[in-house]
Amino acid sequence: MFLLQNLKAYESGYNWSFNLNTFKKDIVKLRNFPDNINSKFLKKVLCIYGGRSNYINDENMKAFRNYFPYVEFFEIKHSGHWLHVDNPEKFLDIIFKNLN
């Protein structure tokens, strides 16, 4: 589904809106997060996740805090990985309440 978001329709047909060759070449780098980073981002970070998604768990939250000590987690219950689609009102509400 992610890739289809980057497929654009034109009069002459369809075309990718990103460099597919680079994506294919570097997919391993994109999937992995380097765990040898010693720096921290010392500003507020907002992490919104869906309660039905398995992408964020206690172990992930601990890893987030290693690199982003000021992270705040917000769960949108009854939403999956596409929480902005499952519950756009709650998603936007959280974002707008946290903008400075």
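First, the ground rules. Residues are numbered from 1 along each chain as its sequence is written, and side-chain values use heavy atoms, with hydrogens and water left out. Because the model is predicted, local features need pLDDT of at least 70 and side-chain atom pairs count only at pLDDT 80 or more, while totals for chains, interfaces and linings use all residues.

Let's start with charge. Side chains of opposite charge can pair when their charged atoms come close. A salt bridge here is a side-chain nitrogen of Lys or Arg within 4 Å of a carboxyl oxygen of Asp or Glu. How many salt bridges does that rule give? The count is four. I'll take some of them in turn.

Lys 25 pairs with Asp 26, at 3.4 Å from N to O. Are these two buried or exposed? Asp 26 is buried, at 18% relative accessible area. Lys 25 is exposed, at 62%. The cut-offs: buried is under 20% relative accessible area, exposed is over 50%, and partly exposed is in between, with a 1.4 Å probe and protein chains only.

Next, Lys 44 and Glu 72. Their closest N and O atoms are 3.5 Å apart. Why mention this pair? Glu 72 lies in strand E4 (residues 71-76) and Lys 44 in the loop between helix H2 (27-31) and strand E3 (45-50), so the bridge ties together parts that are 28 residues apart in sequence. Helices (H or I, at least four residues) and strands (E, at least two) are DSSP runs, numbered from the N terminus. Both partners are partly exposed: Glu 72 at 32%, Lys 44 at 40%.

Then Asp 93 and Lys 97, with 3.3 Å from N to O. They are four residues apart in helix H5 (residues 88-98), which means a separation of about one helical turn. Lys 97 is exposed at 64%, and Asp 93 is partly exposed at 28%.

Leu 42 is exposed, at 57% relative accessibility. Its C-alpha atom is 6.5 Å from that of Phe 68, 26 residues away along the chain. Leaving out residues up to four places away in sequence, Leu 42 touches Pro 69 and Tyr 70. Contact means heavy atoms within 4.5 Å.

Now the inside. In soluble globular proteins, nonpolar side chains tend to be buried together. A nonpolar core is a set of buried Ala, Val, Leu, Ile, Met, Phe, Trp, Tyr and Cys residues joined through side-chain atoms within 4.5 Å. Which residues make up the largest one? There are seven: Val 45, Cys 47, Tyr 49, Ile 56, Met 61, Val 71 and Phe 73. E3 and E4 each give two or more. E3 gives the most, with three.

Look at Tyr 49. With residues up to four places away not counted, its contacts include Ile 56, Met 61, Phe 73 and Leu 83.

Last, the largest pocket. It holds about 290 Å³ of space. Thirteen residues line it, written 13 on my slide, and the closest to its centre are Ile 48, Tyr 49, Tyr 55, Ile 56 and His 81. E3 and helix H4 (83-86) each give two or more lining residues. E3 gives the most, with four. On a 1 Å grid over the protein atoms alone, a pocket is an open set of points where a 1.4 Å probe fits, with protein on both sides within 12 Å along at least five of seven lines; lining residues have an atom within 4 Å of a point. Grid points are joined across faces, edges and corners, and the volume is the space filled by probe spheres set on them.
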